[in-house]
Amino acid sequence: MSTYLTFSIKAVLVSLIWMPLIISFDTMYPHVVGKALFSRSAIEVILFLWIILLSLEPNYRPRKSWIFIAIIIYMIVGFLSAMSGVSFSHSMWSDYNRMWGLWDQLHWFALIIVLSTIFKKPESWKPFFIWNLVIAVIIGLLALTEAFNMSPSPMRYANCALDSTLGNPSYLSQIMMINIFIAAGLFVQSI
């Protein structure tokens, strides 16, 4: 049963890696809302499967780590700042344009905990880094089609900025920069 659960967690994780390609054209913020709702839902499914896995296999429990303690302190500071801010509701839930509140941070924190217990060996991360590079190449190719006015849907992308499916050129640059380092790391590891 634990092998099926770990396989299911990894399968949902692979679907989460494809999240940057989601665009929900029927929403007010097409580049943000679909990605945020999908990622939160996928993380909740992963967390649900992981809780079942914990009840069957106690060796998947998280171990104490300085990184976890630092992240917990960060989440506590975030909660305290939300409590003392202008609007606790806005700090907790954010808005549809950003989708980045404390609730979203709690989801990603839960995902970090789950993944650190599922992937214990460095080799187990390699397939997911490769999938991440595939998605980055697709996003980069979509950005190039925008640069040369060959976009698959020019009416939808007519904003004079290279943003691919991310909605903001700075997000595109961040994801490309991170994936350059991932590619370099995988290349160095291969030689």
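1. What percentage of the contacts in the protein chain with a separation of 6 or more is accounted for by residues 24 or more positions apart? In this predicted model, such residues account for 66% of those contacts.

2. As for the overall architecture, the protein chain holds 7 helices and 0 strands, and its elements, read from the N terminus, run α-α-α-α-α-α-α. The C-alpha trace spans about 55 × 50 × 30 Å along its principal axes, and of the 191 residues in the protein chain 37% are buried.

3. Helix α1 (residues 2-17) packs with helix α5 (residues 102-118) at an angle of about 130 degrees, the two axes lying 12 Å apart. That angle makes α1 oblique to α5, and the crossing of these helices is left-handed.

4. Turning to the side chains in that packing, α1 contributes T6, I9, K10, L13 and L16, which meet W108, L111, V114, L115 and I118 of α5. The residues of this contact divide into 8 nonpolar, 1 polar and 1 charged.

5. A lysine deserves a separate look: is K35 buried or exposed? K35, which is placed in helix α2 (residues 33-56), counts as buried because its relative accessibility is 10%, and buried here means under 20%. A polar atom of the K35 side chain lies 2.6 Å from the backbone oxygen of I22.

Note on methods. Residues are numbered from 1 along each chain as its sequence is written. This is a predicted model: local features need pLDDT of at least 70, side-chain atom pairs count only at pLDDT 80 or more; totals for chains, interfaces and linings use all residues. Side-chain values use heavy atoms; hydrogens and water are left out. Axes are lines fitted to C-alpha atoms, for helices over the stretch in contact, and angles run from 0 to 180 degrees between N-to-C directions. Helices (H or I, at least four residues) and strands (E, at least two) are DSSP runs, numbered from the N terminus. Angles under 35 degrees count as roughly parallel, over 145 as roughly antiparallel, 65 to 115 as roughly perpendicular and the rest as oblique. A crossing is left-handed if the near helix is turned anticlockwise from the far one by less than a right angle, and right-handed if clockwise. Contact means heavy atoms within 4.5 Å. Ala, Val, Leu, Ile, Met, Phe, Trp, Tyr, Cys and Pro count as nonpolar, Asp, Glu, Lys and Arg as charged, and the others, Gly among them, as polar. Buried means under 20% relative accessible area, exposed over 50%, partly exposed in between (1.4 Å probe, protein chains only). A polar contact is a pair of N or O atoms within 3.5 Å; within protein, one must be able to donate a hydrogen and the other to accept it, and residues adjacent in sequence count only if both atoms are side-chain atoms.
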